[in-house]
Amino acid sequence: MSTEPEGPSGELAVTVAPHLRELRRRAGLTLEAAAKAASLSPAHLSRLETGRRQPSLPMLLALARTYGTTVSELLGETPAGAGSVVRAGAMEPTEAGGWTYWQAGGSGRAMQALRVRVPYGSQGDIVRVHPGEEWLHVLTGRLRLRLGESAHLLGPGDSAHFDSLTPHRIAAADPDGAVLLFVHTLLQSPLGALCLGDVHPGGA
């Protein structure tokens, strides 16, 4: 059984609780059977289902596997329709910390796609480490990418794909900044607050 400490309940716990109950009932599992499959105690799962305990990322992943669903559905995010198309005119820019983001994919997905403008010298010494994967492709400008102990200079047409548990940071190498396509997992949901704390959107 899981021995992970139980933190205090919060907004995420209240958000997830009703979806956990509904998905367990939909799967036709008793509280005891679902808890055993997810390596939790029935009492702990009961507290998660009533919003009295904050779920950790490993717990959410285990329950998603048990119920045959995704973490996004556990979080109550509305899945976009299959084959969603995002038109250029519908991509509203969002600015944060000097970065500019355009949503380039459907919402409510475990995988999120963005077009990002990275300003020159905005990253400083901030290093990111969080669950998930990231893929980026440089459209314009040059990008400095540090992965662990290695440093890379990427130009237009270059790409990188990495496990985001690898310490990483990015910064534009030129005064005009850089524009890239960015795809990542597990970062655009309430779970992001649990994993990352307060960081720039996109987690890069």
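**Entry 1: a valine in a loop.** I started with Val-85, which I found in the loop between α5 (71-74) and β1. Is Val-85 buried or exposed? I read a relative accessible area of 58%, so Val-85 counts as exposed. I then looked at Gly-105, 20 residues away from Val-85 in sequence, and got 7.5 Å from C-alpha to C-alpha. A reminder to myself: this is a predicted model.

**Entry 2: the whole chain.** I stepped back for the overview. I counted 6 helices and 9 strands in the chain. Of its 204 residues, 40% are buried. I also looked up the contacts with a separation of 6 or more, and 67% of them join residues 24 or more positions apart. The exposed surface comes to about 10,400 Å², and carbon and sulfur atoms supply 53% of that.

**Entry 3: the sheet.** What is the strand order in the open sheet of 6 strands? I read it as β1-β2-β3-β9-β4-β7, with antiparallel pairing. At the edges I found β1 (93-96) and β7 (159-163); each has a single partner strand, so one side of each has no neighbour in the sheet. On average, neighbouring strands here are turned by 25° against each other, direction ignored.

**Entry 4: β9 and its partners.** I followed β9 next. On one side, β3 (residues 111-118) pairs with β9 (residues 178-185) in the antiparallel sense, over 8 bridges. How many residues of β9 are buried? I got 6 of the 8, so β9 is largely enclosed by the rest of the structure.

Entry 5: I searched for salt bridges and the count came to 2. One of them joins Arg-24 to Glu-49, with the closest N and O atoms 2.6 Å apart. Arg-24 sits in helix α1 (residues 11-26) and Glu-49 in helix α3 (residues 42-49), so this pair ties together parts that are 25 residues apart in sequence. The cut-off I used for buried is under 20%.

**Entry 6: a salt bridge between loops.** Asp-174 forms a salt bridge with Arg-142, and I read 2.8 Å between the closest N and O atoms. Asp-174 is in the loop between β8 (168-172) and β9, while Arg-142 is in the loop between β4 and β5 (143-147); the pair links distant parts of the chain, 32 residues apart. Arg-142 comes out as partly exposed, at 35% relative accessibility.

Entry 7: Which residues of helix α4 (residues 57-67) are buried? My list reads Leu-57, Met-59, Leu-60, Ala-62, Leu-63, Ala-64 and Tyr-67. Just after α4, I spotted Gly-68 with a positive phi of about 65°. I then moved to Ala-33, which has its place in helix α2 (residues 31-37). Its relative accessible area is 35%, so I filed Ala-33 as partly exposed. Between Ala-33 and Thr-66 I found 9.9 Å from C-alpha to C-alpha, across 33 residues of sequence.

**Entry 8: a surface patch.** Val-127, Val-129 and Leu-165 form a nonpolar patch on the surface, with about 250 Å² of accessible area together. I placed Val-129 in the loop between β3 and β4 (133-140). At 44% relative accessibility, Val-129 counts as partly exposed; patch members need over 30%.

How values were computed
Residues numbered from 1 in each chain as written. Predicted model: local features only at pLDDT ≥ 70, side-chain atom pairs only at ≥ 80, totals over all residues. Heavy atoms only, no water. Helix = DSSP H or I, 4+ residues; strand = E, 2+ residues; numbered from the N terminus. Buried < 20%, exposed > 50% of the residue type's maximum accessible area, 1.4 Å probe, protein only. Contact = heavy atoms within 4.5 Å. Areas by Shrake-Rupley, 256 points an atom, 1.4 Å probe, with all protein chains shown as cover. Pairing = 2+ DSSP bridges. Axes fitted to C-alpha atoms, helices over the stretch in contact; angles between N-to-C directions. Patch = residues over 30% accessible without salt bridge, like charges linked within 9 Å, V, L, I, M, F, W, Y side chains within 5 Å. Salt bridge = Lys/Arg side-chain N within 4 Å of Asp/Glu carboxyl O.
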